[in-house]
Structures are given as structure tokens and as C-alpha cells.
Amino acid sequence: APTPYATPIIWQIARTPSLSWLDQSFNLCIQEQNENRIIVREASLDSASFQQADISFIWGKPVQLQGFAFTLAEDELIFVVHPDNPLQEISLETLHSIYSKQEVYWNHEQSGIVIPWKYPENNDIQHLAEGLMGDSIEISIQLSTTPDIAGMLAQVSQNPDAIGFIPKNRIDSSVKPIRITGLSPKSTSVPVVATLQAEPDR
């Protein structure tokens with residue numbers, strides 16, 4: 001009789017754009033799977049991929065997803081400027097003005113108009129920044145938009161008048177983090193959450 005083979009299990013994994021740093025761990029898992037398969041997809045918050053995935057990884061609190069949620073870690077949302085910018089901190093009021101496309105000037109010598117950068121509307125980092133700045137803020141659609149964290153780092157590092165925002169774990173020497181006046185790191189920390197469609201085996 002022929003040797004029976006186990007049917008391979010295919011795990012569908014979805015993650016938001018901010019969690020691209022998890023891909024290295026996913027790749028290690030894929031290499032260790034001899035029979036089973038793991039398929040990883042990057043998806044925006046409004047994507048159907050999250051409804052279809054066996055496991056979803058989200059930076060932020062899941063709202064509409066059904067299943068079992070587990071907090072894996074936390075990361076801070078950090079505003080960043082060019083390394084030559086002497087600014088150390090910024091107020092939420094000033095951020096409101098900047099991101100609602102009012103003309104705001106840096107307060108140091110030889111400075112120009114602040115150039116704010118944002119992400120696409122359905123990007124999870126963009127949602128978190130809007131929540132931090134307050135639900136009442138109306139982000140101008142005229143602002144320059146970059147598709148991902150690498151693009152944000154590139155734009156801010158190349159322009160002395162630029163400002164943007166990224167997860168703390170992605171900060172490098174090409175940009176300078178600034179504090180938000182009156183907010184503690186706990187106030188700007190956001191959970192990294194894994195959501196499973198089915199309850200895991202214990």
C-alpha cells in the first residue's frame with residue numbers, strides 16, 4: 001500500500017505596513033516548515049486580507065476583527081525631523097497647524113516653511129498619528145505622501161525643513177526624534193497585536 005502523506009497546512013498571515021520588521025521572523029518560520037506552508041501578505045487596515053487570514057498582526061488595537069487577540073509588544077509613534085534641525089520638542093497644537101496645511105515656520109535661523117510628510121489614508125501609521133493628534137484634526141489631502149517607512153526616512157533625511165513620523169524601532173541616524181510637549185512615552189506607545197481566527201491549542 002502507498003505510504004499516506006499528511007495534507008500540508010497552509011497558514012495565511014496578514015500584517016499591516018508598519019510591521020514589515022516582522023518579515024525576518026516570518027522568513028525563519030517559513031524555512032523551518034518542511035511540509036506546511038506560510039503565506040505572508042502586507043495589507044492595509046481596510047483590506048479583506050485581514051478577514052481571510054489565520055493570523056493577523058496589527059500595530060494598534062483591533063476594532064472590527066473577530067477572534068482571539070494577544071498583545072505581543074509595544075512600540076512608540078515618534079515624530080522625526082532632519083538631524084540638523086535644532087528642535088527638541090513640539091506641541092500638539094503646532095502639529096495640528098502643520099498637518100492641517102497652515103504655513104508654519106521653524107523657529108531657528110535660516111529656516112523655511114515646515115514641510116510635513118504623511119502616509120496614504122489607509123496606512124496604519126497614518127491612523128495612529130491622526131489619533132495622537134486628536135480626532136478633530138483634518139489632515140490636508142494636499143500634503144506630500146510617501147508609501148512606506150523607508151520613504152518617510154528618505155524624505156525627512158534629505159530635507160532640513162521636513163517632518164514626519166515613524167515607529168521608534170525604525171529610527172536610525174538619518175533622522176532626529178523629537179518629543180511631543182506634555183506627552184510621556186506611555187502616551188505615545190501602541191500595542192503590537194496578534195489576532196487569531198481560532199483559539200490556539202494550549
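Some ground rules. Because the model is predicted, local features need pLDDT of at least 70 and side-chain atom pairs count only at pLDDT 80 or more, while totals for chains, interfaces and linings use all residues. Residues are numbered from 1 along each chain as its sequence is written, and side-chain values use heavy atoms, with hydrogens and water left out.

Overall figures come next. The protein has five helices and 10 strands; helices (H or I, at least four residues) and strands (E, at least two) are DSSP runs, numbered from the N terminus. Of its 202 residues, 40% count as buried. Buried means under 20% relative accessible area, exposed means over 50%, and partly exposed is in between, with a 1.4 Å probe and protein chains only. The accessible surface comes to about 11900 Å², and 49% of that belongs to carbon and sulfur atoms. Accessible areas come from the Shrake-Rupley method with a 1.4 Å probe; for residues, only the protein chains shown count as cover. Contact here means heavy atoms within 4.5 Å. Among contacts between residues at least 6 apart in sequence, 78% join residues at least 24 apart.

Now the interior. A nonpolar core is a set of buried Ala, Val, Leu, Ile, Met, Phe, Trp, Tyr and Cys residues joined through side-chain atoms within 4.5 Å. The largest one has 44 residues, and F79, Y99 and I163 have the most contacts inside it. At least two residues of this core come from each of β3 (55-59), β4, α3 (92-99), α4 (124-133), α5 (149-158), β8, β9 and β10 (189-196). Another core, of five residues, lies apart from it, and A14, A43, F50 and I58 are among its members.

Take β3 next. Five of its five residues are buried. I55, F57 and W59 point one way, S56 and I58 the other.

Which strands pair with β3? Two strands pair if DSSP finds at least two bridges between them. Strand β1 (residues 10-15) pairs with β3 in the parallel sense over three bridges, and A14 stands opposite S56. β10 runs antiparallel to β3, joined by five bridges, and there I55 stands opposite L196.

On to the helices. In α3 the buried residues are L95, S97, I98 and Y99. They pack against β4, β5, β6 (115-118), α4, β8 and β9. Just after α3, K101 takes a positive phi of about 70°.

In α5, I149 is buried at a relative accessible area of 4%. Leaving aside residues up to four places away in sequence, I149 touches S18, Y119, I125, I166, P167 and R170. I149 and P17 are 132 residues apart in sequence, yet their C-alpha atoms are 8.3 Å apart in space.

Then the charges. How many salt bridges does the structure hold? There are four, a salt bridge being a side-chain nitrogen of Lys or Arg within 4 Å of a carboxyl oxygen of Asp or Glu.

D23 and R15 meet in one of them, at 2.8 Å from N to O. D23 counts as partly exposed at 24% relative accessibility, whereas R15 is buried at 5%. R15, D23 and E42 are linked in a network of salt bridges.

E76 forms another with K168, with the closest N and O atoms 3.3 Å apart. This pair links distant parts of the chain: E76 is in strand β4 (residues 68-81) and K168 is in the loop between β8 (162-167) and β9 (176-180), 92 residues apart. E76 is buried at 13%, and K168 is partly exposed at 45%.

E89 and R179 also pair, with a closest N to O distance of 3.2 Å. E89 lies in strand β5 (residues 89-90) and R179 in strand β9, so the pair ties together parts that are 90 residues apart in sequence. E89 counts as partly exposed, at 33% relative accessibility.

Last, the surface. F68, F70 and L72 form a nonpolar patch with about 270 Å² of accessible area together. Patches are made of residues with over 30% relative accessible area and no salt bridge; like charges are joined within 9 Å, and nonpolar side chains (Val, Leu, Ile, Met, Phe, Trp, Tyr) within 5 Å. F70 is in strand β4 and is partly exposed, at 34%.
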